[in-house]
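Let's take a walk through this model, one region at a time. Keep the structure open and follow along.

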Amino acid sequence: MQHLRTTVARLRPITATQTVKSQSQARPMAVGGALRTFEPMRSYTTSVSAEPFMNGTSSNYVEEMYYAWLENPRSVHKSWDIIFRNANAGVSPGAAYQSPPPLGGAALGLANAQAMVGAQPNMEKLVEDHLAVQSLVRAYQVRGHHIAKLDPLDIGVIDFDESPVMLGLKKVGEKWFYGLDESDLDKVFRLPTTTFIGGSESVLPLKEIISRLEMAYCQSIGVEFMFINDLEQCQWIRQKFERPGVMQFTLEEKRTLLTRMVRSTKFEEFLQRKWSSEKRFGLEGCESLIPALKTIIDKSSMNGVESIIMGMPHSFSLPRGRLNVLANVIHKELDQIFCQFDSKLEAADEGSGDVKYHLGMWHRRINRVTDRNITLSLMANPSHLEAVDPVVQGKTKAEQFYCGDTEGKRVMSILLHGDAAFAGQGVVYETFHLSDLPSYTTHGTVHVVVNNQVGFTTDPRVARSSSYPTDVAKVVNAPIFHVNADDPEAVMYVCNVAAEWRATFHKDVVVDLVCYRRNGHNEMDEPLFTQPLMYKQIKKQKGVLQKYSEKLLAEGAVSRQDYEEEIAKYDKICEEAHARSKDEKILHIKHWLDSPWPGFFNVDGQPKSMTSLSTGLPEEELVHIGYIASSVPVEDFTLHRGLSRLLKGRAAMVGQRVCDWALGEYMAFGSLLKEGTHIRLSGQDVERGTFSHRHHVLHDQKIDRRICIPMNHISPNQAPYTVCNSSLSEYGVLGFELGFAMASPNALVLWEAQFGDFNNTAQCIIDQFICPGQAKWVRQNGIVLLLPHGMEGMGPEHSSARPERFLQMCNEDPDTYPIFSAEEFAVRQLYDCNWIIVNCSTPANYFHILRRQILQAFRKPLIVITPKSLLRHPEAKSSFDDMLPGTHFQRLIPDSGPVCENPEAVKRIVFCTGKVYYELTRERNNRGNDDIVAIARIEQLSPFPFDQVKVETDRYPNADLVWCQEEHKNQGYYDYVKPRLRTTVDRTRPVWYAGRGPAAAPATGNKAAHLVELQRFLDTAFNLDAFTEQS
Ligand SMILES: Cc1ncc(C[n+]2csc(CCOP(=O)(O)OP(=O)(O)O)c2C)c(N)n1
Ligand SMILES: [Mg+2]
């Protein structure tokens, strides 16, 4: 660690204080007025030094001539023009100089010129020196952050020694880098146009150049930006950090900053005083986070932002400093925060709740600095670090979408990160990659990393391979502002620049607050076990408030009395809130909602209706949507021939009053859009559909990027339809869509996995948010997951959406028959469940379930196990009759064949779900026993349709009960269905199994084996003696 610091010392021969003139001192006058361009590309092929008159000390004059000539050859005397021209053309040494013509009136100039000629400046050295200066400037811009004083502890966990650091005038042996040496320090150099250190001056002495570069790039701020491949953006940043005097603050600004530091610091101290044995995961060591966030918010509000969505995906079970952010940034009432520490507080809401620090928050208030309204929301989050990132982005996108903020000027997000998590969690990368995609961009996020240089007990040197924890941001060209968090003014400055960057370029930006963690991972932890040297240093470290207040007192910016009064005032606020908090006896988790849905529920927060509406549609509407689905509703569009055939096929289906899977989906989407519900379908290749069945986006075969989305041509007042191919990510994209679905209940938001298997790379979003979201955070969410599934001999991958995992996480009791009235049975079950899981076997049922998702008066996540081969299966078609008014989603589809004629004679009911139904019916037809074996399809697996299953078991009193599935026994639905079937029949009849045996993999990779397995379990399903030995 110390190594870096010694290296730094070596690398810095001249510091700002050592230079002859500081920036506040008078600057040398610019020579020649306007800034002129130094063109390092121009090189002399002639050795100019060989020109006899050019060796000497009058280089300044020659230099001037040279620059003037470079800019405009006519601006110098003809003689100089000839010399430079010759030299440039590569004439041999000594030949470049030709006697100038007599000058007449320009006697003084001539005299001077002749004096200089006698002095014979070294032209080659001059050019080399300017090139060297340019390299020097560039080196500071690229690597100044290597030696900036970023670490408050000065232990430098990042070792840049291996990097080719070449800053300043480093001496190596007898040579100086860039060929400059001490004797050049007083020489004046023209500044390249890629720097702004000169301010209004275009030339500066070398020592001043170095001093200013050190000021800009090597103090408390380290700027990483030179990798950005956009000149305008680089220039913008250079300007922000290089212009002399940029880091000056008014008295008012300094006092506001001090007040914010007081609040941030004293809040933690107050909690520590009152609840010394509670784990808080406090902010101590990074108190400047609060003014940092407030600065970003103030500046953004000034730039017109009205709503900010924040995510704190941070720390073990409690995000570090979250309470402080709630209190001092979002302005949650302090008594509401303090009462959370009361372990006797009773929960007033349904659900299991969550620890206090995970809850979210939504608050509209006046921004005191700008006097404008601003809404701040902090998203509830799980312990899983960084998981909330894409969710915040999705919600931000949705808010932008619903308020027509197409450029992100009114709504923005701020994401907070821990250093270890930012570097380690892949979802950070996935989220960054959404940042510039048309359907996912939120037009720039400000990321703030609380870089306390440790992750739990782990040292960064073993926790990441990158130099900084922030390197991941480089993939999207986000500038990274590292800043020493013990310098609150520098923090404020970079936060201002970050907010301005976002407002100017609408791209992501990172503020890396380099700080430390005063306590252990939590207040009870002993950090010396694992970080002995660091914590010895921390123990000696003065708090940042103390340091900053001492600075302002010394400057006279604030008086001791004012400072002490400010502390006393905040302490009083805390004490009074603490006293009030004791009156709170009940915890309303509802008060911690991050995404309220005004008007959706009644005043008690209950659904406005519990009746099940028909989800059917009038015939003419089906025909109209079918017509749109079969046409290209724009002029002169060249469609692919294959697609023309497909659309003709759709038109034919409409003529025959039937729907296949894609048309059923079209009918559902089209009708909801017409009724004013926004629909957003996102996922990999969803526009066409993985299985080339959907084709919601048509591409003109002749004109690049000309597309047509017929779904947006259904009716003039319809809601917009968004269908978007996503980046190849599941975790990030599913999180994003979940966040999108949070913003409004009046949208159908669907995420489709390319194949159902791939949902497991988004497992965290499923396990932490979708499954338990309502129970933990009392917020509903109607997201729909479409998961293609089915054993079709395609091998272990691409076969299983893992329905068993979703089913295992249902909150329903398998052993208890629900006690609801017959009329309300279905809807009450839905209201109580944590999510709905369906496997539809007909397009009509798929159509109804999608419509029900919006037409019911509450929201639950919907998991749809979708088919692959059924998309084109000739029998998997539905008549319009099954979609007309009065029809609805069928939770169970009973057998309607010959078994109905004499149910008493039926020997077996085979219950199944999904595509295996068609294999079962085919086999039954082959065997000709459709009068003694009934097949019932359970379309809604969760909540389990106990009532309808009971109707079936009662209907066939002499039948044995078989569950048939194509999945392996330890997978699929068997373990879920079996106890529920048994509960339905009150355990009076056994439940037999027909399906594949248990296995580790979801499916065999051998097609022949697949078919053998299929035939074997079909045989079992129809062999009435199959279970006699077991009974
Ligand atoms: C996905 C995930 N993995 C592991 C953990 C356990 N954990 C909690 S805090 C922590 C260290 C976090 O370090 P950092 O991101 O630097 O934040 P800090 O606590 O230092 O503020 C770990 C590994 C977690 N919460 N989430
Ligand atoms: Mg950390």
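Arg680 stands opposite Thr722, which sits in strand 19. Strand 19 (residues 721-725) runs parallel to strand 16, and five bridges join them. Strands count as paired if DSSP finds at least two bridges between them. The numbering of helices (H or I, at least four residues) and strands (E, at least two) follows DSSP runs from the N terminus. Strand 16 also pairs with strand 20 (residues 747-752), in the parallel sense and over six bridges; there the bridge partner of Ser682 is Trp751.

Before going on, some housekeeping: this is a predicted model, where local features need pLDDT of at least 70, side-chain atom pairs count only at pLDDT 80 or more, and totals for chains, interfaces and linings use all residues. Residues are numbered from 1 along each chain as its sequence is written, chains are lettered from A and ligands numbered from 1 in the order in which they are written, and side-chain values use heavy atoms, with hydrogens and water left out.

Back to strand 16 (residues 678-683): six of its six residues are buried, where buried means under 20% relative accessible area, exposed over 50% and partly exposed in between (1.4 Å probe, protein chains only). In a regular strand the side chains alternate between the two faces of the sheet. Here His678, Arg680 and Ser682 point one way, while Ile679, Leu681 and Gly683 point the other.

How about a helix with two sides? In helix 20 (residues 619-629), the buried residues are Glu621, Leu622, Ile625, Gly626, Ile628 and Ala629. They lie on the same side of helix 20 because they cover an arc of only 160° around the axis, the arc being that of the directions from the helix axis to the C-beta atoms. Glu620 and Tyr627 are exposed, on the face turned away from the buried side. The cover over the buried residues of helix 20 includes helix 21 (641-655), helix 22 (661-674) and helix 28 (843-855); contact here means heavy atoms within 4.5 Å.

Helix 10 (residues 322-330) is another story: nine of its nine residues are buried, so the rest of the structure largely encloses it. Just after helix 10 comes His331, with a positive phi of about 70°.

Leu289 brings us to the largest nonpolar core, which has 101 residues; Leu289, Met310, Phe338, Ile414 and Leu513 touch the most other members. Helix 16 (residues 488-505) gives this core its largest share, eleven residues. Another core, of 70 residues, lies apart from it, with Ala747, Val749, Val906 and Val977 among them. A nonpolar core is a set of buried Ala, Val, Leu, Ile, Met, Phe, Trp, Tyr and Cys residues joined through side-chain atoms within 4.5 Å.

Now for the metal. Which protein donors hold the magnesium ion (ligand 2)? They are Asp419 (OD), Asn452 (OD1) and Val454 (O), at 2.0 to 2.1 Å from it. Donors are N, O and S atoms within 2.8 Å of the metal (3.2 Å for Na, K and Ca), and water is not among the atoms, so sites may look incomplete. Asn452 counts as buried at 4% relative accessibility, and Val454 is buried too, at 3%.

Strand 25 pairs with strand 27 (residues 933-938) in the antiparallel sense, over two bridges, and Ile893 stands opposite Arg937 in strand 27.

Most residues other than glycine have a negative phi, and most peptide bonds are trans. The Ser942 to Pro943 bond is cis, with omega near -5°. Asp371 has a positive phi near 65° and is exposed, with a relative accessible area of 62%. Asn477 also has a positive phi, about 60°, but is buried at 17%.
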